[in-house]
Amino acid sequence: MRAKRTSLVHLIYFSRLTLSSDVQVRTGQVGEITRHAQKKNEFSVITSFLLVEQNFAAQVIEGERTSVHETFNRIFADDRHRDVQICEWREITKREFVNSCRSTIRSSTTDPHFAKANLLPMFQRGTPKASSIHALALALQAEEMSKQGIDHLFI
């Protein structure tokens with residue numbers, strides 16, 4: 001029996017960022033990207049999680065097929081990203097992320113999660129695994145929600 005097709009998809013991509021090498025400036029730039037994406041994503045009913053490590057970005061984007069496609073096209077055309085590559089594009093039955101756009105930069109507080117995922121060597125080779133990006137985003141979301149006293153999602 002064939003599975004019923006759904007229009008809900010998730011896309012995972014990675015890219016090289018053309019942001020400042022200064023940590024404080026880069027943090028501000030990522031914050032601006034997040035604020036802008038949050039507005040666009042809310043309008044398009046997109047949920048996403050953006051990860052930034054050194055000059056690399058990876059993001060999980062969830063939503064209706066057309067909205068995800070339009071969102072990815074905007075990212076692909078954005079001059080702050082280069083060498084944009086899709087790692088995974090697949091149908092999903094339910095969303096796993098709760099925010100229209102959440103971002104996390106590797107820092108001393110997030111380092112244990114980033115170190116466990118070990119994405120940097122994969123980014124540098126241009127071969128990150130979608131499963132590693134996805135697992136890191138979920139772990140960071142779970143930790144953030146736990147700090148807020150939320151122990152599970154009703155999505």
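Q: Hi! At 29% relative accessibility, what does R106 count as?
A: R106 counts as partly exposed, because its relative accessibility is 29%. Buried means under 20% relative accessible area, exposed over 50%, and partly exposed is in between (1.4 Å probe, protein chains only). This is a predicted model, so local features need pLDDT of at least 70 and side-chain atom pairs count only at pLDDT 80 or more, while totals for chains, interfaces and linings use all residues. Residues are numbered from 1 along each chain as its sequence is written, and side-chain values use heavy atoms, leaving out hydrogens and water.

Q: Where does R106 lie?
A: R106 is in the loop between β5 (102-105) and α3 (111-117). Those labels are DSSP runs numbered from the N terminus: helices (H or I) have at least four residues and strands (E) at least two.

Q: And what does R106 touch?
A: Leaving out residues up to four places away in sequence, R106 touches V52, E53, D111, F114 and A115. Contact means heavy atoms within 4.5 Å. Also, the C-alpha atoms of R106 and Q54 are separated by 7.7 Å, though these residues are 52 residues apart along the chain.

Q: Which side chain is joined to R106 by a polar contact of 2.2 Å?
A: That is the side chain of E53. The side chain of D111 also has a polar contact with that of R106, at 2.6 Å. A polar contact is a pair of N or O atoms within 3.5 Å; within protein, one must be able to donate a hydrogen and the other to accept it, and residues adjacent in sequence count only if both atoms are side-chain atoms.

Q: New topic: how many disulfides are there?
A: Zero, by the rule that a disulfide is a pair of cysteine sulfur atoms within 2.5 Å. C87 is in no disulfide, and its nearest cysteine sulfur is that of C101, 17 Å away.

Q: Is C101 buried or exposed?
A: C101 is buried, because its relative accessible area is 4%. C87 has 27%, so C87 is partly exposed.
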